[in-house]
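User: I am new to this structure, so please pick out one part and walk me through it closely. I would like to see how its pieces meet.

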Amino acid sequence: MKRTKSKLSIVVLACAALASCGGPQNALDSAGVQAGRLESLWWVFFWVCAVVYVIVMAILVIAFLRNRRADEKSAPELLPDPAREQRVSNIVKGAVGISIIVLFTLMVLSFRTGRAVNSLSYAESPIEIRITGNQWWWDVEYRDPVPSMNIRTANELHLPVGRPVKLNLQSTDVIHSFWLPNMHGKIDLIPGYETTFFFRPDEAGTYFGQCAEFCGYQHAKMRFAVTVESQEDYEKWAAAQRQVPPPPVDPLQQRGQQIFLTSVCTQCHAVAGTTANARVGPDLTHIATRHYIAAASMHNVHDHLKTWITDPQRIKPGVRMPMNTYAEEDLNALVTYLENLK
Amino acid sequence: MKRAAVLIAIALLISCEREERGFRVQPPQADRINSKQLTTLQPGESIPQQVVVNEYEQNAFALTEGKRLFSQMNCVGCHANGGGSIGPALMDAKWIYGSQPDQIFATIVEGRPNGMPSFHGKLPDYQIWQLAAYVRSLSGQTPKDAAPGRNDNMQVKEPENSKDREKPNDASLPKSAERPE
Amino acid sequence: MEDDDLDKKQSTDLTEETLEHERSELEEAWAPGKGFYGWLTDVDHKSVGLRTVVTAFAFFGLAGLLALVMRLQLAVPENDVLGPDLYNQFFTTHGSAMMFLFAVPVMEGMGIYLVPLMVGTRNVSFPRMNLYGYYVYLIGGVLLFTALVLNIGPDAGWFAYVPLSGPEFGPGKRVDLWSQMVSLTEIAALVGAVNIIVTVLKHRAPGMSLNRIPLFVWSEVVTAFMIVFAMPAVMLSSTLLSMDRLTDVSTHFFNVAEGGDPILWQHLFWFFGHPEVYIIFIPATGFVSQIITTFSRRKTFGYTALVLTMIATGFIGFGVWVHHMFTTPLPQLGQSIFTAASMLIVVPNGVQIFCWLATLWLGRLNIRVPLLFVFGFFAIFVMGGLTGVMLASVPLDLQLHDTFFVVAHFHHVLIGGAVFPLIGAIYYWFPKFTGKMLNEGLGKVNFVLLFVGFFLVFFPMHFLGIDGMPRRVYTYVEETGWGDLNLLATVGAFTMGVGVLVFIVNVLRGLLSGESASNNPWGADTLEWSADSPPRPYNFQNIPVVQGRHSLWELTDDAPVVTGLHTKFRELLCTTIHDASPEHRYAIPGPSIIPFLLSLVTGATFIGFAFTPWSIPLGMGASFIVLFGWFWSNSTEHRPPHLPEKDNPVYDEEGQTE
Amino acid sequence: MTSENFVPKTSLDVSDLPSTEFDHRSPLWWGNLIGLMIETAMFGIMIAVFFTVAMNLRPFPPPRVDRFPVLLDSEPNLTLPIIGLLVLLISLVPGILLDLAGRRRDVKSIKILLPVTLSINLALILIRYYEFDSLHFKWNDNAYGSATWMILGLHMFHLIVLFCEDVYLTVWTFVRGIDEKHALDLTVAAVYWYWIVGMWVLLFPIVYLVPRML
């Protein structure tokens, strides 16, 4: 009896936890139309399964608790009462029939939801974003018919509320999977394949996503952040991103820029308006406007930048960013420079 | 029994260095960058220079990292995939500035006349050593069990782990780069 | 020999004396060799099966320890018990070991031990091949864990998706050794499957027609057939992978730029990978059926339904593999078909559940530890099955795929569906294996610890998955808020660990000081319980003639027994495939060192193939020499001096016997 | 039941049953058959791989890279393969005869036929060895080369295995003569032989004709 109580309480707890669960990276806290459809489908499945489970467990428990005991000596029942057998077998047949019907219904429902979540692919004038998976960061490029209007950033997206988004996804190395639970399910980025993916954010807020296909050492910290904001805010952000950051004026920043341009950084990173134009690592043109560094696994603050530059291999072992040694004041200058790339 | 134990120990050592993923390694011989000797002329007896061993040549991970850098630092731009175009080929036996690890290291750090740029301060030492190790794997100087396999792109050359060992002939190097006996 | 001869009962001149005489002759003919060499060469299916089971449990323990360390690493955010490199090696080895080195071998091991006893014969059809299979499996397993110790542990996941496992992104020999391990263990699995199938087809006791075969035997046959068709896929694809990586070979099977395809790997792997879980699950249903029948003291409800559903599961199991790939760019139609199949396969499993429930409901229960584990099986497996229904739906899978929800799901299905019945089965058959009983009290403790621990560790993972935690992550950042549930899971993991410890203690205690068991301590119905505990090398002195579906329960004491098999050397009775009427006698070889030698050659060949292609021709040459010896000694053994001429005549040029 | 003092009342005497039976009555035959199922599954998967590659490559077959200038029509040569196929089909004759002789326990013809099949096997292995050249591709040129080499190689592997089996049977026959068990072995080997031929009849068009049709 105790076990059964515990199990029932677990089921209750399950409902509670599921009902209460939410957050910036949660599949049941939908902020977009697709996730919404998926969420409602989930609840149908969940309650059907819960009911079935409770019924089966009830039968099992009663079968165990019914007071018909025997031991290994008692004679086996080889010719049971046929009428009774027949009754039970009818019940079993009925149960099978019902489960077939239930399964069929669930199947139809999931097909319908599938159709619905794909229907958005006919939406007009979506924001086109090309996302390239790299070990272990996301290269983000807003595509615009006018090339000068393109935006290049990394690991962070800004999206206006209510406007459909079209992602073109590709991978440069291994298989990754783009997953933004609050908006939609996942889609794999497979080398040699170009995949497209549609979703529509409906609620403003900051959401997080993560690579969902095992891709090597830093699979765990291949994250990205998505800021959904009003159309105006988005436009403001986009306009800022299209600007080339002005050359630094204060001497410290100038020194920082000089260090940046003359040292390791330029081998991998690009800053628009300078000679740094490598595409190996994330684009740093507007690094200061991002809230996170290291693929959305650290807040973008002074000290984090410092540790990240000098000893990334401690924070994310195996990451492509090499360890660098700078004199303290050089490091300060460099970080100050980066912090002003707005 | 004892022999078995010994064998296991050996296997352990070998495999450890072969398979180690050195994320936070201190580069081997990091001090040698500026200690290059460009002439054999010197007062008194010449200093005996011991041969530098690059542990990365035994390490599969380091060699693969070197391979990645080789394309990402655009070495391919001149040396192609080792076949050579603007820059000299790296998969043959011919070495203008020496085939030894420290000589290759120096070539990368210092750059060489007629086009080889200097990567001094442009790469951390340990990555340059990884590059140097990979460059030697191009002509099969590294163990086949550690050298990188084929790439996931168009087949342009036989992969490093299938390359037979070239016999490096440093005869053709200019006096300046010769290592003093 | 005609069918109705079965009923023609000749009165026999069997007496105490003749029986005594026969027994001594059998003892001599079937005795294994002496000492370690004897152990090395023992072809008795019981010793081979038991060895396989014990070895598999050893690997289970090791892989479990890896799991505990991984749980420690995940207990709190940003933990650094393991770095990503070690963690990747650990979870890959954990998965590979559990699937290739524990689940499949242990199920086959139980089959190799029990099937001949249950169908009433004295050994499997090909005893030496059987022994060879065990050694190959042992080599494969030792290879994997040695590799891990030597820091060559595989680190691309047990599914080893290319290109991450390919030559460009998987440096070193880690993946190569992994794929050789796979080939070796699959060879073992295939060898075992062939043996089980042929033994069941040809060596059933007279009267055990197809509709009288015990359900566990059925499950092993279905499993064996699934192995026959599923394992080649993984053997071949892992070989292709290592050829892509291999020095001096470097083929392009999975290289997009040269016409290969990374998705091809996923198809090949899951074409094996999904049947694999049924290969693990179906024998477990066999355990459940046997245990339920015995402990509810009544004939199994819906025997035919159970058999048919097993077969159906076996078939549909091959049609669902793409539900592992719903997030890859696939055509809609394909997805729908595989969704349908994946939901369809729930139906046979549902039928099984209902039949078992009915048996329990109608029977009078004798509640002992094995039945408790069956109870746990229901409580956990049903939940896993239901989450499986969720994962079968493409839209839901888009969210749940590759998250901790899936981790929760398949641990519910595999631990609940396979490990619980398995441990129940160990409690059930331990008396037969060893002649000692296991302790009931400890058994109950063991069950409770495992049961509670299981829910603590795996139930919270459902929520973690929904809350966005992907699989195969070596850590997670603080603000995700996944810390609490992960800590809970870690606690549960260690509870389970204690549970397994109690199990081990119980087994050791049983071996040392368990009360001795009678031939049939549970009053069970299948033939193995009529043999001694533990059975003699020849299993049955006189093979019984089966009277009904529940052999022992329906055995009348004037039932005839088989006489006339040679007692001076090892001989099996072959019966017809359908109704098992005696057909001919079949001499089988005795102990030999050659299987061991051949397994060494095989092991060397495959491990060598991780380093050089030349190991294949060399290995083939060596194998030919060894096999020549194998066949030769095998053939000579068919002409033992005391064998009557009529039993294996030699023909001269005119075709007359000399 | 084998408990000490139990004496069964009745018995079913099997002492006069034969000690060897052919075909589906023999465990060995079944073991062989299931082994062949496994190998068939292997070839099935290789065929799937082959067609995946064929779908991926444009043009298919890809241009030849083993010569310069690159040649676009790169279908495999058919001369040697066709010879091989014919020899394989012809080899069925001694194969079947051997099978029948085994069933008749006709030692005389067995002793003639075994060397014949043996030499044909050898010839086939040699033909196959040179057949690889008619593909124009090495295994590491592209996925098409890899797949075709793998298929040919797998099949060649079986040719070699059967050759070894026949070597053993020949030696035994000439040294120890033919007894019931080896009569059975002959028929089982024959099944293996039929399977090898059948497999090649299936694979030949895939490897050699499909490149011309696609």
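Analyst: Two residues are in contact if their C-beta atoms, placed from the backbone, lie within 7 Å. By that rule, chain C brings 21 residues and chain B 25 residues to their contact. On the chain C side, 8 are nonpolar, 6 polar and 7 charged (Ala, Val, Leu, Ile, Met, Phe, Trp, Tyr, Cys and Pro count as nonpolar, Asp, Glu, Lys and Arg as charged, and the others, Gly among them, as polar). This is a predicted model: local features need pLDDT of at least 70, side-chain atom pairs count only at pLDDT 80 or more, and totals for chains, interfaces and linings use all residues. Residues are numbered from 1 along each chain as its sequence is written, while chains are lettered from A and ligands numbered from 1 in the order in which they are written.

Among the 5 pairs of chains in contact, A and C share the most contacts. Chains A and D have no contact, and their closest C-alpha atoms lie 11 Å apart.

Now look inside chain A. Helices α5 (residues 251-262) and α8 (residues 328-339) of chain A pack with their axes 7 Å apart, at about 95 degrees (helices are DSSP runs of H or I, at least four residues, and strands E, at least two, numbered from the N terminus; axes are lines fitted to C-alpha atoms, for helices over the stretch in contact, and angles run from 0 to 180 degrees between N-to-C directions). α5(A) is therefore roughly perpendicular to α8(A), a term for 65 to 115 degrees. Their contact comprises 6 nonpolar, 4 polar and 2 charged residues. Among them, A:Leu252 and A:Phe260 belong to α5(A), and A:Leu334 and A:Tyr337 to α8(A).

Notes: Parallel < 35°, antiparallel > 145°, perpendicular 65-115°, else oblique.
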